[in-house]
Each structure stands twice: as structure tokens, then as C-alpha cells.
Amino acid sequence: MPHILIVEDETIIRSALRRLLERNQYQVSEAGSVQEAQERFTIPTFDLIVSDLRLPGAPGTELIKLGQGTPVLIMTSYASLRSAVDSMKMGAVDYIAKPFDHDEMLQAVARILRDRQSTPTNSEPVAGKVANGAVKPGTDNSNGEIGIIGSCPPMQDLYGKIRKVAPTDSNVLIQGESGTGKELVARALHNLSKRAKAPMISVNCAAIPESLIESELFGHEKGAFTGASAGRAGLVEAADGGTLFLDEIGELPLEAQARLLRVLQEGEIRRVGSVQSQKVDVRLIAATHRDLKSLAKIGQFREDLYYRLHVIALKLPALRERGADVNEIANAFLARQSARINRTDLKFAPDAEQAIRHYSWPGNVRELENAVERAVILSESPEISAELLGIDIELSDLEDDEFIGLAPQQGNSAANNSHEPTEDLSLEDYFQHFVLEHQDHMTETELARKLGVSRKCLWERRQRLGIPRRKTGVASES
């Protein structure tokens, strides 16, 4: 069981993070400062250190040296983003912005530990490692440096294009359905480029409220708007010298698209509220599951920006189009989940292997990973049956937290004043009913909070169910 050290001076955050990690089968120790960590523990013996950047006494970056090769994940607020990027240059393996989503934290921890296991020696960590689904065990290096599992012809063609495109500074547009692993391709492009030692900043354009997206991307000056009590660097500026990955760029508002176009054309940004521009050197990689060309024709995406992005287009096939890759990926997920709970006897029963191979996987790799994780947790015998995978039910791609979140909320006055769905209504029907019933008078943040899910989950579910987002009749989100 991996042993993780948390160094955080805020007791509430430290305790919540500890509970989160322990629920997910990690052994956890904690300290409130670098000095306390030194006094209580032998720091290099941990598998991972998760530390706040700003601590009483020495900063969290001191643990990079004290860890002697142990990976350090830095937690920081957006206001300290510049410092977080600097900490990566000092040797931190990655950073995560506070407040963080639980899934985001768990994915970061799992990725870092997986990368550490695949590294033959305890060499110093390098920023921007390959995420999620790293190198296949027991194989040659044909696509090892790319770090994506799969050997079907469409993927082999993709690997060849990645190797050709990565060393250049050309903009890249990655296209593919949700859950296919577009961020994996982006990280492979970054890791194989001359910018590999510089930061790769990843931004999900659908997860940031429209009213904040320009400030988050391009920064702002003090007093630029209500609440801007200090100037702040944006994510584009933080990616200077490295790679900026914009996921779901089709959700970027038109105003922000105009600013992004200036970055691509002139190589400069201007913070919100500033009259001066500053030069930046970033390589842009964008991803989308939408048809940007069609959006451009109807005025929902800037045509000039589309052609700037469409220098190199990489198409990521859906999981159902990858043949035997699906079983290979499933076995990799099985090995990972088995290691997390210290079980070595688990394997798929023949009916499960058939189900995995022939199911259409509308949620792609993300859905497959969720199904395998659920099956491993519920399995009481060494063989995992098809029934445990749950892929024959309508909502198999929902995670456990989403099942809980979509239950009717008690005490919700808005919901109680409307016509509530009947008890035998499915969760999917309830979701659709609730969103359509309340989206005219609730913001996306309020909808997500009432449903008990994240804004990103709400957005993804809208896409899956084909529920358009209404942009009129609701007050702007602050």
C-alpha cells in the first residue's frame, strides 16, 4: 500500500485530504509544517509527498530536497500560480490548484505513483510526466515514450503522427469523443517536445464559469473588476516557455477566443484591465469532441481561430473502434486497481472478457476504468464476472459519487415547488427532468450544487443526454 505524507497547516484541509486518500486505500501520515515533518518522519521513505506551497516556516518546496527523489505534489491557490510553476522548475513533480476536486486529486496521486513505479531508479522527478495509462508492462519501447496503451492500426498511425509533430512548435488540434484520452495525447506531445522540462498547463474550458474564464486564462490587474483586490497572472502566462493544453476548446466564449487568437498571432497577452501587453512563448494544444468547423459556420466559434488551431489535426479513435485494445486496457486497469487493494488473484471471467470486447463503451476509456474499479471493489471471488462490471445497465458510466449526487435533494425549495419525478424514475430521467425544470432560474453552479455533482460532471452529462445549455434568462455567475 503506497504511503503518502501530507504537509498542510490548515487542519480542515489536511483532515479532509487524509480521509479522501485513506478511503482510496492509501496509507497516510500528516504534518503541519516542514519542520514537524522532519521531526516526526524519515521523509525519503514515503512514496509521495503532498504539500501546501505556503507553510509556516519553510515553504513546501523544501520537501523536494528533503525527499531525496520522492515525488512532491504541490498544492496552491490560483493566486500563487506563478510560484507553483516555479516550484515545478525546482523539481516538484506537479501542482494542483486549491480548491481542488476530489477526482482531480485522486487522478494526480494515482498518476504520480504509477509513473514512479515505472521509473527504474529514483531519479529526480521531471515536470510534465505522461498521465493515465502509462507504459505497457512487459513490452518493447515502440510506443513506450508515448505512454498510451494500445496497438491497433488506428493507434499505430496516431503514434507515428505524434512522433512527427511533437518536436515542432506547431499548434495541434486533438479530436475525439469524450473519455477517449485526449489529454494523454497532449501530454505525449509535450513530453516528446523540446519543451518537456517546462510546465504543461492543462485547462478544461468547460469547467470554468464564463464570467471568470478570461481572468483565469489571461490574468487581471488590481481593480479590473469587483473583487480583484490584487493583480494575478493567468494560466497562459504560467505556461510561458512550455505547453498550454485547452481541453474542450469548443466551450470557450467568443470574447476569450478573440484574446486567444492574439496570443497565437502576436505571441503576446494583455491582462484584463491592463493597457500594456507582454510577450509569451507558448505552444498551444487544443482538444474537442465537437465539430469546430460546423460551429464556425454558424457563428459559435471564430473561423480565424479555427484555422489557426487546425495546423495539425490528430483524430483519436473511440474505444469501440480499437478492437482488441479494449481488453488490453481493461487488464491494465485491473492490475492497477488490484495493486491498490493488495490483491494479486483477480482476473476477468470468460463472460466478462466477452462483455468487455463487445460492449460499445459510449463513455470510452473513462467508462471502462470506472467499470473495472467498481468490479474490483465489489468482487468477492478471484474471477470478476460480467455482472460485476455492470455494463449492461443504462447508467453504468456514472461514478459512485454521481449516483449519490443525483438523488433528490431534501430541503430543496426550488425542487419541492415543482412537479417532482416519481420514485420509479431512473437517475438519468431525474437528471434530465431536474435540469430542464430549473435551468431557467438557476446558474450552472447552482444546478451542480443541487444535484451534488461538479460543474464538469454537469457539463459532461448535458453533452451525453443532449440537453442544451441556455445562456439567457439566468443571472451571470460570480
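Residues are numbered from 1 along each chain as its sequence is written. In this predicted model local features need pLDDT of at least 70 and side-chain atom pairs count only at pLDDT 80 or more, while totals for chains, interfaces and linings use all residues; side-chain values use heavy atoms, with hydrogens and water left out.

Trainee: How many helices and strands does the protein chain have?

Mentor: Helices (H or I, at least four residues) and strands (E, at least two) are DSSP runs, numbered from the N terminus. On that basis the protein chain has 21 helices and 14 strands.

Trainee: What percentage of the residues of the protein chain count as buried?

Mentor: Buried means under 20% relative accessible area, exposed over 50%, and partly exposed in between (1.4 Å probe, protein chains only). Of the 478 residues in the protein chain, the buried share is 53%.

Trainee: Are the axes of H6 and H7 roughly parallel or oblique?

Mentor: Axes are lines fitted to C-alpha atoms, for helices over the stretch in contact, and angles run from 0 to 180 degrees between N-to-C directions. The axes of H6 (residues 153-165) and H7 (residues 182-191) come within 9 Å and cross at roughly 40 degrees. Angles under 35 degrees count as roughly parallel, over 145 as roughly antiparallel, 65 to 115 as roughly perpendicular and the rest as oblique. H6 is therefore, relative to H7, oblique.

Trainee: Which residues in H7 does H6 meet?

Mentor: Contact means heavy atoms within 4.5 Å. From H6, the residues taking part are Leu158, Ile162 and Val165. Their partners in H7 are Val185, Ala188 and Leu189.

Trainee: How many residues of H7 are buried?

Mentor: The buried residues include Val185, Ala188 and Leu189, along with Lys182 and Arg187. H7 is mostly covered, and of its ten residues the buried number is nine.

Trainee: How are H8 and H10 oriented, roughly parallel or roughly perpendicular?

Mentor: The axes of H8 (residues 210-218) and H10 (residues 254-266) come within 9 Å and cross at roughly 15 degrees. The two helices are therefore roughly parallel.

Trainee: How many charged residues has the contact of H8 with H10?

Mentor: Ile213, Glu214 and Phe218 in H8 meet Glu255, Ala256, Arg259, Leu260 and Val263 in H10. Ala, Val, Leu, Ile, Met, Phe, Trp, Tyr, Cys and Pro count as nonpolar, Asp, Glu, Lys and Arg as charged, and the others, Gly among them, as polar. By class the contact has five nonpolar residues, no polar ones, and a charged count of three.
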